[in-house]
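Work through the following exercises on the structure shown here. Each task is followed by a stepwise solution.

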Amino acid sequence: FYQEGATFSPFGPWQEDTRNPILRNGGTGSYDEKHLLDVSVLKGAQDIYLYYKSVDKSGLGTFSGAVSRDHGQNFTKFGNNPMKAYSGPSDVIFNGDQYYFYYGSNKWNPLTGTSGQRLQIMESKSGTPNAIGTEVGKAVPAGASGSYDSAATNGAKIFKVPGDKRWFMVYQVSAINFDYPERIHVAYSNDLLFWTKVTNPQPFMLRGEPGEWDQGGIWTSDVIVHNSILYLYYEGWGSFENDLSKRDTPYYPGGNSRLGAVSVSVQKFLDWVNGAAQIEGPVFQVQNAYSGKFMDVAGYIDSNGTNIQQWPFADADNQKFEFTKNLDGSYLIRPLFSNRCVDVTGGSLLNFANVHLWDYWGGANQKWLVHSVGKDIYAIINAKSGMALEVLGGRTENGANIDQYTYFGYSNQKWRLVRVR
């Protein structure tokens, strides 16, 4: 499909190329006899490369490619196809003198018919466009049990935006399914090899509400930036019937796949990525949205290891916290009566890890990201673990412990910042 450049609009209308299909299935017994899916296009200095998931008659998926030397008029399949077995392309980027390949893989074992891992985004680096090269590892691994991406990550689409040096990746995730994602998320990188998941608890994009055309799964398709607006094209699964009860059944009978698009300004996208709400203060009392009680340094004790708990309101400095902004947008949180910081014990990455006071030493476990999750309501996320500050178990009694836990959006993980000065 195409548009004229002078009148281009991200939402169309698009004209179908009369030469379609530009790439055909292979013959009987070939590696791409059944399907050609999940295309990624790379524009090189001279040539255009088209990568796709090739599927043979048995259903085996492999990573294949083709090249056009006449500006996309005609494509020729690589002579060494398939390039990699038991995988399919997400995206390919050329930077410097290297090709970076991103693909979904679950380490499928054809001999046992079993998977050794969850579906995850893998990456490889190569000096040539038709050889994937040595696998570097997981670009974006699936998350811990209970997290929004614990079952699968896949579908990486990589791009840059004006005014920012980082590379960004949108990708689809699931907490429950192998390949029927409920959500699209974002990661970023400075070198295309090491990626950091955005920790903002506000989802970047969720599947449609029950009854909508994309109520089932959603998959990334492509990203473009045009006139300071970021456009995400995606595939959604739904149907024309009232089939709410089928919503969570992967590829449910009667459903169908359609294409859609969403947009956001580049500035709002970067604000979301960078995560920190622009809170005014810097001194606050921190009130739990569920219990109504306040974050409190137990016993007003200024020593390493002093516990952080919840307690009824008191006009005292052990309930007043100074939020000092770091250059990376995170915050140090200190009680007014002490120079020690609110700290996750031992830099733990585990659920239920305790939160206490400790001498400042500059570790990421002493840095907190503050995200707006509603009117005057915030999630406070540890910069090292990515977990949320919470009242343990949603308890309401005086002295209930404050710890960290995977963010689920529960009220005991949300806080009001009551400005003191």
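**Exercise 1.** Determine which side chain makes a polar contact with the side chain of Asn-318.

Solution. A polar contact is a pair of N or O atoms within 3.5 Å; within protein, one must be able to donate a hydrogen and the other to accept it, and residues adjacent in sequence count only if both atoms are side-chain atoms. The partner is the side chain of Asp-296, at 3.3 Å. This is a predicted model, where local features need pLDDT of at least 70, side-chain atom pairs count only at pLDDT 80 or more, and totals for chains, interfaces and linings use all residues. Residues are numbered from 1 along each chain as its sequence is written, and side-chain values use heavy atoms, with hydrogens and water left out.

**Exercise 2.** Locate Asn-318 in the chain and classify it as buried or exposed.

Solution. Step one: strands are DSSP runs of E with at least two residues, numbered from the N terminus. Asn-318 sits in the loop that joins β22 (308–311) to β23 (321–325). Step two: buried means under 20% relative accessible area and exposed over 50%, with partly exposed in between (1.4 Å probe, protein chains only). Asn-318 is buried because its relative accessibility is 7%.

**Exercise 3.** List the contacts of Asn-318, leaving aside neighbours within four places in sequence.

Solution. Contact means heavy atoms within 4.5 Å. The list is Met-295, Asp-296, Val-297, Tyr-300 and Phe-337. Asp-296 is also the polar partner from the opening exercise.

**Exercise 4.** State what share of the chain is buried.

Solution. Of the 421 residues in the chain, 51% are buried.

Note on methods: Helices (H or I, at least four residues) and strands (E, at least two) are DSSP runs, numbered from the N terminus.
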